[in-house]
2 protein chains.
Amino acid sequence: MDKLMQDANRFVSDMVEGLVLAHPDFYEKVEGVNVVKRKDGVSGKVGLVSGGGSGHEPAHAGFIGEGMLSAAVCGEVFTSPTPDMVLEGIKAADGGKGVLLVVKNYAGDVMNFDMAKELAEMEGIEVDTVVVNDDIAIKKESDRRGVAGTVFVHKVAGAAAQEGRSLSEVKAVAEKVISRVRSMGMALSPCYMPESGKPGFELHPDEMEIGIGIHGEKGVERKAIAPVEDIVRELVDRLTNEVTDKKIALMLNGMGGTPISELYLTYKYVHEQLIAKGYDIVRPYVGNYMTSLEMHGFSLTLLPVDDEILGLLDAPTKAIGFHS
Amino acid sequence: MDKLMQDANRFVSDMVEGLVLAHPDFYEKVEGVNVVKRKDGVSGKVGLVSGGGSGHEPAHAGFIGEGMLSAAVCGEVFTSPTPDMVLEGIKAADGGKGVLLVVKNYAGDVMNFDMAKELAEMEGIEVDTVVVNDDIAIKKESDRRGVAGTVFVHKVAGAAAQEGRSLSEVKAVAEKVISRVRSMGMALSPCYMPESGKPGFELHPDEMEIGIGIHGEKGVERKAIAPVEDIVRELVDRLTNEVTDKKIALMLNGMGGTPISELYLTYKYVHEQLIAKGYDIVRPYVGNYMTSLEMHGFSLTLLPVDDEILGLLDAPTKAIGFHS
């Protein structure tokens with residue numbers, strides 16, 4: 001198995017343990033479950049919980065910290081966490097002002113986070129939910145998956161919570177981001193499941209996948225590998241069909257196995273093509289934010305910004321995995 | 001070719017261009033050459049220059065910024081920059097108080113940085129040099145390569161320069177770090193040269209290399225892939241043979257294609273084994289710092305610290321690629 005690991009069954013628990021050991025003053029693990037929370041707590045503010053299957057690191061635990069998430073629920077690799085686990089996350093994030101759940105649009109996540117919401121409400125915690133569905137590779141809007149755009153939701157909603165806004169206000173600005181943000185990704189190689197060692201899809205070395213998901217799913221189209229300028233054009237053209245506001249924040253997100261050199265190289269072409277189309281990239285983010293194990297590829301996310309969103313994007317955060 | 005790129009001949013120049021486009025207020029490219037400098041300048045402080053072949057991103061340009069490097073010289077992939085390029089780096093870093101060159105111990109780098117030093121001195125710039133040789137995979141000390149420990153030299157010397165120390169004082173603390181820091185790395189897979197598409201070494205999927213360099217060199221030993229605990233034990237045992245001071249900063253460095261999940265998973269075993277041996281890991285750094293294109297693997301770096309080094313490690317830096 002071409003992975004650094006001890007035992008596939010402990011892939012997630014070992015990773016969570018390592019994360020907390022590396023940052024003991026910053027993170028705290030909830031006893032007995034792969035849920036991580038801010039050690040400094042969230043008293044008097046709206047709590048923010050995200051998570052889902054693991055394999056997307058630094059998402060989601062890496063976005064815990066003042067100004068972003070309060071707790072992250074780390075399911076097994078590409079597997080939705082149970083409602084009980086999410087409930088632990090909600091309790092860990094509860095600072096007395098309610099908790100917002102940021103859920104990616106997958107049937108399992110939506111169902112399990114919803115059940116956890118009900119359980120938490122029975123325990124007297126006010127909970128609300130937003131569902132992110134930024135992946136335009138899927139045509140039907142209700143089926144669109146939540147991918148890297150989720151990180152912008154974490155950042156903006158987290159900054160709003162830190163400002164002291166109410167649960168309904170934090171939810172409103174999260175919904176505003178969700179209504180605007182659009183993403184699409186590609187891969188030169190698949191990722192491999194820790195347990196089976198199997199790839200998410202079989203791909204010839206000369207081929208690439210356009211419109212991949214973040215759970216090892218193949219893309220919506222398979223093509224011969226092209227020069228990066230052509231790959232970028234395909235993603236930029238599809239995204240700019242949907243995103244017509246020209247003042248944008250942009251995320252060029254590595255899929256986990258992509259070296260930073262290739263991300264910056266790719267950014268040159270992204271920048272040139274968007275500028276040529278009249279876009280004003282007021283905040284570019286280049287790095288690994290929402291990954292898919294060791295997949296080699298990238299996704300592009302466009303978020304039209306107004307002054308409110310921009311201010312919240314620029315607000316400081318202590319989250320270890322979020323770099324501007 | 002399984003890389004995101006346009007043209008192998010423009011791999012480095014496209015990457016440098018993308019980096020500067022993504023952070024236009026922060027970086028400035030020197031006209032006509034792949035040298036990057038701090039846009040805010042270094043007036044009245046000692047300047048710090050590093051670099052060498054590219055392919056090690058975020059090293060070295062990612063470590064430019066207040067509190068770390070003043071300029072980085074980006075040679076072609078795994079190829080020493082010419083003396084003329086290094087001279088441009090020195091000029092870009094000159095703030096009137098002299099310039100320190102942080103060179104990794106490779107014959108080409110040592111020679112070309114030395115020639116550039118002479119050229120700069122002829123132009124009236126005071127220049128001094130330190131050479132990092134932290135890789136204990138090589139037995140003979142004079143042949144030891146500079147690897148991830150170089151990043152600790154950048155951080156400590158950069159903070160000392162920022163404090164306003166003189167060139168000889170900055171050099172002295174850099175030498176102190178070099179005398180203490182030791183590293184060793186391993187890989188599950190090779191990296192591939194952009195031009196030829198060839199791997200640095202051929203490796204069966206069930207094998208790994210122990211004691212790799214950062215230029216695609218194979219390791220000093222080839223073995224069957226083992227559980228990560230055993231891999232870590234081998235590196236930890238070799239490093240703790242050389243590093244006997246117990247209060248250490250530690251860098252667990254990804255080689256470029258290693259997902260963060262595996263780095264944190266690996267950290268759990270590193271932490272446990274060093275604690276069991278009586279070490280006190282006062283500052284753990286986990287991430288991609290000194291990479292080798294898309295190589296999948298990691299290196300471990302141990303740096304015994306005193307109050308001076310610790311203070312300089314903890315000093316703030318604006319460098320985009322350095323995260324604690």
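This is a predicted model: local features need pLDDT of at least 70, side-chain atom pairs count only at pLDDT 80 or more; totals for chains, interfaces and linings use all residues.
**Stop 1: a sheet in chain A**

Show chain A as a cartoon and pick out the open sheet of 6 strands. Reading across, the order is β9-β8-β7-β12-β10-β11, and the pairing is mixed. Which strands stand at the edges? Select 221–224 for β9 and 280–287 for β11 in chain A: each has a single partner strand, so one side of each is left without a neighbour in the sheet. Now turn the view and follow the twist, which averages 20 degrees from one strand to the next.

Next, select residues 182–189 (β7) and 207–210 (β8) of chain A. These two strands run antiparallel and are joined by 2 bridges. To see a facing pair, click on Ala187(A), which has Glu209(A) of β8(A) opposite.

**Stop 2**

Is the peptide bond from Glu57(A) to Pro58(A) cis or trans? Cis, with omega near 10 degrees. Slide along to His60(A), which also has its place in the loop between β3 and β4 of chain A. The bond leading from Ala59(A) to His60(A) is cis too, and its omega is near 5 degrees.

Then select Phe78(A), in the loop between β4 and α2 (83–93) of chain A. Check its phi: the value is positive, about 55 degrees, although Phe78(A) is not a glycine.

**Stop 2: a cavity in chain B**

Time to visit the second largest cavity, with a volume of about 60 Å³. Select Val147(B), Gly185(B), Ile212(B), Ile214(B) and Ser299(B), the closest to its centre of the 13 residues that line it. What classes of residue make up the lining? It has 7 nonpolar, 5 polar and 1 charged.

Highlight strand β7 of chain B (residues 182–189) as well: this strand gives the most to the lining, with 3 residues. Finally, colour domain 1 (2–180) and domain 2 (182–314) of chain B separately. Why does the cavity lie between them? Because both domains give residues to its lining.

Notes: Residues are numbered from 1 along each chain as its sequence is written. Chains are lettered from A and ligands numbered from 1 in the order in which they are written. Side-chain values use heavy atoms; hydrogens and water are left out. On a 1 Å grid over the protein atoms alone, a cavity is a set of points where a 1.4 Å probe fits but cannot get out, and a pocket is an open set with protein on both sides within 12 Å along at least five of seven lines; lining residues have an atom within 4 Å of a point. Grid points are joined across faces, edges and corners, and a volume is the space filled by probe spheres set on the points. Helices (H or I, at least four residues) and strands (E, at least two) are DSSP runs, numbered from the N terminus. Ala, Val, Leu, Ile, Met, Phe, Trp, Tyr, Cys and Pro count as nonpolar, Asp, Glu, Lys and Arg as charged, and the others, Gly among them, as polar. Domain bounds come from an automatic or database domain assignment. Two strands pair if DSSP finds at least two bridges between them. Axes are lines fitted to C-alpha atoms, for helices over the stretch in contact, and angles run from 0 to 180 degrees between N-to-C directions.
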